[in-house]
Amino acid sequence: MTGLFISFEGGDGTGKTTQIARLAEHLRAEGAEVVTTREPGGTELGREIRQALLHGEDLSPRTEALLYSADRAHHVATVIRPALDRGATVITDRFVDSSVAYQGSARELGIDEIRSLNDWAVGGLVPDLTFLLDLDPAVGAARLNREKDRLESAGDDFHRQVRQTFLEMAEAEPDRFVVIDASRSIDEIAADVRAGYERLR
């Protein structure tokens, strides 16, 4: 029995971490085995890559894209696929869609090129369901109560392009994406997430 694979996408400060925890708690209460993870940083190697990507020296866009895909390949091979193979529900904070939006579009490396690279890295794995927590990037940035990392500091135009690309992907794949207004309360968003999850029943 293959488990369910759920991803959360969206800009910084949209509340992905909070909503992943809420959904995981809800599913565990129903008796499901739930694995929560994130990209980059879902493995020991991934944590080293995350440090380099977000807090290390300046990287060229191609280097950035390749590091994300390397992290993702290892993450899928060692965490995600083994959990899915034993029937667990896997919920990840970011997956391939993030690379398409950030590196393919906002870094102008090419959406098709980045999608092809990452499809190869993950062996064609696609989430069963993707929640896009949509929020004005300026609002999301204001929610960050810490020093911004390298990507968070990329500028307003960069983050507006990321948001636009996420919305375009969601429009192109309405059977996979659930777009949620992340400007509302945590409870309202969580209710919409649970309702979206019911589509998988």
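Glu9, Asp12 and Arg94 are linked in a network of salt bridges. The model is a predicted one, and it holds 11 salt bridges.

- E2 is joined to strand E3 (residues 89-93) by 5 bridges, and threonine 37 stands opposite threonine 92 in E3.

**The salt bridge between glutamate 9 and arginine 94**

- The closest N and O atoms of this pair are 3.9 Å apart.
- Glutamate 9 lies in strand E1 and arginine 94 in the loop between E3 and H4, 85 residues apart.
- Glutamate 9 counts as buried because its relative accessibility is 0%; arginine 94, at 11%, also counts as buried.

**Other salt bridges between distant parts of the chain**

- Arginine 22 pairs with aspartate 187, with the closest N and O atoms 2.8 Å apart. This pair links helix H1 (residues 16-29) to helix H8 (residues 186-197), across 165 residues.
- Arginine 22 is partly exposed, at 28% relative accessibility.
- Arginine 107 forms a salt bridge with glutamate 64, the closest N and O atoms being 3.0 Å apart. Arginine 107 lies in the loop between H4 and helix H5 (111-121) and glutamate 64 in helix H3 (residues 61-85), so the pair ties together parts 43 residues apart in sequence.
- Arginine 107 is partly exposed at 22%, whereas glutamate 64 is buried at 1%.

Notes: Residues are numbered from 1 along each chain as its sequence is written. This is a predicted model: local features need pLDDT of at least 70, side-chain atom pairs count only at pLDDT 80 or more; totals for chains, interfaces and linings use all residues. Side-chain values use heavy atoms; hydrogens and water are left out. Two strands pair if DSSP finds at least two bridges between them. Helices (H or I, at least four residues) and strands (E, at least two) are DSSP runs, numbered from the N terminus. A salt bridge is a side-chain nitrogen of Lys or Arg within 4 Å of a carboxyl oxygen of Asp or Glu. Buried means under 20% relative accessible area, exposed over 50%, partly exposed in between (1.4 Å probe, protein chains only).
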